[in-house]
Amino acid sequence: ATMIVVRFCNDVQIDAMTLRNGNAAALLTLECANMEIGRICMDGFKANGLMVVNAAGLTIGQLIARNVEDGALELSCFDGKSVITECSDITVGSINVKNVDIGLLINSARRVNVGNCKIDRTRYNGIQIIQDLNTTTAQWPDDISIGNSVITNVGAIGNTANQAAIAVYMMTEPTEDTRVSFGNTSIRGATGDGVSVHNWSARTYVDLGDMSVRDVGGVGYRLGGKRISFGKLTAERTQGLGVLGTGGGSLIGDRITVENAQLARASSAAVHLGDFAFTDVASVHIADDQSTPSAWVMSDAGSGKGRVGRVTSSITNGALSIAHTAPGMVYGTTDIGGAIPVTVKKTITYQDPMFRNNWSPQEPVLIALPAGAVVTGTRIKHSTSFTDGAGALTAVAVSIGTDAQQTYFSAALQVGENAAPGNAAYIDTAQY
């Protein structure tokens, strides 16, 4: 049974508490208001350390937990409670936990402020912010602030499900806006991703602050949501990509640095900023001193509009290229050993309305270049012959140019029914 249960209490103050060795949770508070715990230490419990269910005002000066087989600190909202219906207005000065299942679990709590967080050796995730539908369908996490954090050896204890453990994991399906912010965060060692917010809905706003991720078994940062903002993100020695954008409203930040991504793998993907409607990143730097692969790629496929101010690289074996396939994305200065290759794919059929104008030449926009951009060369290549299925479309050609001169950058390439696609079926320009 739980060692101590405090329920339906108001104005409770505990100056210091040390709890050891129990076959369930150490301390459970249920529907309490205005509770203050100066310092709490817990060691050796088969369930939660401190579990808070539906609180209205809780202050903890310092929480220390060792050898806890559930969340060291769990803040949860449960439906159906009659006295206090939220878990809200919670302040924690510092958390120091080791050898626990989960370091900090926030389940649909609101207005939570955690000062400093030190989490070492977990079985599952380090920090987990969720809406658990087993306890509440009416509430969602909101106004969560977590200060400076050091999270190490996530998943090091191991679990029977062989589940990859994520250092910072956020997942919810809120029906209203959800906001979460972090201070400076250092992550060293995780069997899964460093940071994962990719399943969040279109109503979530996450500020990652300055973060550093190293030695993780998955992706450094898996990011998606209504708005993801950050100061500086650093990913070192990741088994997956350094940064993977999975989509949403906007991605806004100062600097991304990725060093030695995709450890010991042949894959060359380092950073993918795609699938956001708007992207504004001041600078990206990609470095690698591995023996393979021989080239690294940063991509923006699926992006809407936006910019990357500066791109630099330091690649020992090969060079960095930018798979620039989003017409709305622009790049400022680059120092990657050459020009930015731009790949633009346009799918047009004979039924497209642009060809209903007496079959006259049409000019779909391929890409909007930023001011000062210089085109150094072009290549046109088709993957499928342009056809109506009746064999009549034989005189169809594609060129690259401007409104004033349709072949300004490239002569025309025949792509009609008599022009079969193939590895040699393309046309290059001379250098400009």
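Modeller: A word on conventions: residues are numbered from 1 along each chain as its sequence is written. The model is predicted, so local features need pLDDT of at least 70, side-chain atom pairs count only at pLDDT 80 or more, totals for chains, interfaces and linings use all residues, and side-chain values use heavy atoms, with hydrogens and water left out.

Biologist: Thanks! What makes up the secondary structure of the protein chain?

Modeller: The protein chain has 30 strands and zero helices. Both are DSSP runs numbered from the N terminus: strands are E runs of at least two residues, helices H or I runs of at least four.

Biologist: Why is T29 called buried?

Modeller: Buried means under 20% relative accessible area, exposed over 50%, and partly exposed in between, with a 1.4 Å probe and protein chains only. T29 has 3% relative accessibility, so T29 counts as buried. Its place is in strand 4 (residues 27–30). Leaving aside residues up to four places away in sequence, T29 touches V6, M35, L50, M51, V52 and V53; a contact means heavy atoms within 4.5 Å. Across the protein chain, buried residues make up 48% of the 432 residues.

Biologist: What makes D101 and R123 a salt bridge?

Modeller: The rule asks for a side-chain nitrogen of Lys or Arg within 4 Å of a carboxyl oxygen of Asp or Glu. Here the N to O distance is 2.9 Å, and the side chains of D101 and R123 meet in a salt bridge. D101 lies in strand 8 (residues 88–107) and R123 in the loop between strand 9 (110–122) and strand 10 (127–130), so the pair ties together parts 22 residues apart in sequence.

Biologist: Are those two partners buried or partly exposed?

Modeller: One of each: D101, at 10% relative accessibility, counts as buried, while R123, at 24%, counts as partly exposed.

Biologist: How do you know that R222 forms a salt bridge with D193?

Modeller: Their closest N and O atoms are 2.7 Å apart, which meets the rule. The pair links distant parts of the chain, 29 residues apart: R222 sits in strand 19 (residues 221–238), and D193 in the loop between strand 15 (185–190) and strand 16 (195–196). D193 is buried because its relative accessibility is 8%, whereas R222, at 21%, is partly exposed.

Biologist: And how many salt bridges does the count come to?

Modeller: By this rule, 15. Salt bridges also link E86, D89, R110 and R111 in a network.
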